[in-house]
Amino acid sequence: MPAIFTPKVITANALIEGDVVYLTQDDTWSRHLADADVLTDEADAQIRLIDASARTSEVVGVYLADVSPGKSGPEPTHFREAFRMRGPSNYPHGKQSEVF
Amino acid sequence: MYRYTDFDAAFVAERNAQFRAQVERRIDGSLTEDEFKPLRLMNGLYLQLHAYMLRVAIPYGTLNSAQMRQLAYIAERWDKGYGHFTTRQNIQFNWPQLRDVPDMLDALAEVQMHAIQTSGDTIRNVTADHFAGAAADEIADPRPVAELIRQWSTDHPEFQFLPRKFKIAVTGSPNDRAVTKAHDIGLRMVRNDAGEPGFEVIVGGGLGRTPMIGKVVRDFLPETDLLPYLEAVVSVWNLLGRRDNKYKSRIKITVHEHGIDDIRARVEERFALLRPAFTGVDQQLFAQIKADFAPPAFADRDTGPFDRAYANDPVFRSWADTNLSAHRAPGHAIAQISLKAHGATPGDATADQMRVMADLAERYGHDELRISHEQNVVLPHVHKADLPAIHAALKAAGLATANIGKISDIIACPGMDYCALATARSIPIAQEIATRFDQLKLEHEVGDLKIKISGCINACGHHHVGHIGILGLDRAGVENYQITLGGDHTETAAIGQRTGPGFSADEIVPAIERIVDTYLSERLSADETFIDTFRRVGMTPFKTALYGESDKKQKAA
């Protein structure tokens, strides 16, 4: 039996700034996970991933990351994605320092 | 200190111009990421978790004040006002933007620094004893050797596409402070029975996924044979080394698979071929380089100010007892500046702190600074009479922590707070351990104890050779920390043994506390260090303290 497809978002790092970005429903890149398009269909996710990976002049290292639905949009299920969403834990740098 | 020749300056300028054009072509879309990645890595530029990271070489850990000030300038101009000193005598800037990196490299070139070969499958920054040229126990200064190797290895046409990265360390002292036995090649400067200078050549050491202690491939290599012999070792590995599997590509695996005797025979055969090609130009160059490292003129002065401060100021006395080491010149000392304030990030210095250290080096320290692989800064040549003033200036800058070699002087890699390869965080664990033992006021009671933390199996935090090693892993989506005990990074190098199942992030600090409590109750006296006690009593009492008497490992992860 194939594994159940868990909800995912498409994420990458921005080419110039290097920071974490997420693919939105209208195929723009957002700095915030809350804006990300949550993909629940595997075939759709794979096609969106291929298309996003081709945008090499905008982003680097495109991949699918697991999320779970939360009150204000998708939330990371793995701690690595939680750090990518927030920034490092030793200084208030990265996304956590930005005004949402 | 070595000064760039016109050739060096032109080479670095040309590389920087090339990289500037490569960055422009990446941004305008002419280069794909697959094409650009090896180019940026050759210039020390990584893409990490939250941003790009630029790794800058500090060759053999030596800096002058102008260089340190320029690092401070770069940190403020293009980064977030700080830099991170690493376990291989590099500095990393964690937040540059791609389009600024060419300007950062030009700013580095202004002070004769670069980021060339700080990444990629090349011969990396050559490291050396951070007490080089200053230590009382030293046979010879290893830095001219390291500089010669840097010049030979930089852009060496045969060694730009090696099976994997290649790391060389040099020590000129019998007390190994350069971790030579955990490098691809470790060089120990020695003299033979006739008193001639040469090297003991150690090959195939390394940490990471498969930790290995290096093996002696040549017990005495005459000084004049160094470069052809190194070229023989690297070229033998370049052919034999496995390119099919990156986890088996390092020379430690090649040595392990073929055996040291087979490798030695191949190296000697290759060396016989290569030796005649080195006609002595290398030795002329070496002689010029040596002249650049002539020791400074050490003044003969009264140490009265030191003696009075030592007698009257307990804070100064504690710092002097902990952070000073014996210097070869009378009246002088080597002063270590701890970048491990309790609760701070190991190895980080702010731009302001960098400028304070630069000022102190310029005013009191013959304009020299060193970076240690233990992520601290060293003033290698200071007169004891100046130490009270130095200490006061350090204290005002938050740099006077008296903990060198103690439990809070922790090596920690950036871990998952920054690194794209990490499987768990390292920095918060280091911060919590340091803060906890500071609260307990146990640090000086515990004495010499090296804790080293890595946030993944690649072991940048040298956990295998820590007296207590901590390895952060991802166990089913949760951070989990394995402990090893009994590692040793010195001339008696040893790989630590795993205690058993790992601990969660909440459990790891209490676990370290139980280990330290066990040491304190087991040691014969305050003079028996942690590592000596461990060697005497073995793993059993520590295991019992961690997991209880029963073999049922309740704490199993």
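In what order do the 5 strands of the open sheet in chain A stand? The order is β3-β2-β1-β4-β5, with antiparallel pairing. The model described here is predicted.

**The sheet of chain A**

Strands β3 (29-30) and β5 (73-76) of chain A stand at the edges of the sheet, and each has a single partner strand, so one side of each is left without a neighbour there.

| Strand pair | Sense | Bridges | Residues standing opposite |
|---|---|---|---|
| β1(A) and β2(A) | antiparallel | 3 bridges | A:Ala12 and A:Val21 |
| β2(A) and β3(A) | antiparallel | 2 bridges | A:Leu23 and A:Trp29 |
| β4(A) and β5(A) | antiparallel | 4 bridges | A:Pro69 and A:Pro74 |

**Helices of chain A**

Helix α1 (residues 42-53) of chain A lies across β1 (8-14), β2 (20-23) and β4 of that chain, and runs at about 145° to β4(A). Helix α2 (residues 79-86) of chain A has A:Phe83, A:Arg84 and A:Met85 as its buried residues. These buried residues of α2(A) pack against β2 and β5 of chain A. Just after α2(A), A:Gly87 takes a positive phi of about 120°.

**Helix packing in chain B**

Helix α1 (residues 6-27) and helix α4 (residues 101-110) of chain B pack at an angle of about 175°, with their axes 9 Å apart. Angles over 145 degrees count as roughly antiparallel, and α1(B) and α4(B) are therefore roughly antiparallel to each other. From α1(B), the contact is made by B:Val12, B:Ala13, B:Asn16, B:Phe19, B:Arg20 and B:Val23, and from α4(B) by B:Val101, B:Pro102, B:Leu105, B:Asp106 and B:Ala109. By class, the contact of α1(B) with α4(B) has 8 nonpolar, 1 polar and 2 charged residues.

Helix α7 (residues 251-258) and helix α8 (residues 260-274) of chain B pack at about 110°, with their axes 6 Å apart. α7(B) and α8(B) are therefore roughly perpendicular to each other. The contact is made by B:Thr254, B:Val255 and B:His258 of α7(B), together with B:Ile260, B:Asp262 and B:Ile263 of α8(B). By class, the contact of α7(B) with α8(B) has 3 nonpolar, 2 polar and 1 charged residues.

**Core and interface**

In soluble globular proteins, nonpolar side chains tend to be buried together. The largest nonpolar core here has 173 residues, of which B:Val233 and B:Met357 touch the most other members. Helix α6 (residues 226-240) of chain B supplies the largest share of this core, 9 residues. Not counting residues up to four places away in sequence, B:Val233 touches B:Ile185, B:Val203 and B:Val267.

Which residue counts describe the contact between chain A and chain B? The contact takes 22 residues from chain A and 23 residues from chain B. On the side of chain B that touches chain A, the residues divide into 11 nonpolar, 6 polar and 6 charged.

Key: Residues numbered from 1 in each chain as written. Chains lettered and ligands numbered in written order. Predicted model: local features only at pLDDT ≥ 70, side-chain atom pairs only at ≥ 80, totals over all residues. Contact = placed C-beta atoms within 7 Å. Nonpolar A, V, L, I, M, F, W, Y, C, P; charged D, E, K, R; others polar. Core = buried A, V, L, I, M, F, W, Y, C linked by C-beta atoms within 7 Å. Buried ≥ 20, exposed ≤ 12 C-beta atoms within 10 Å, placed from the backbone. Pairing = 2+ DSSP bridges. Axes fitted to C-alpha atoms, helices over the stretch in contact; angles between N-to-C directions. Parallel < 35°, antiparallel > 145°, perpendicular 65-115°, else oblique.
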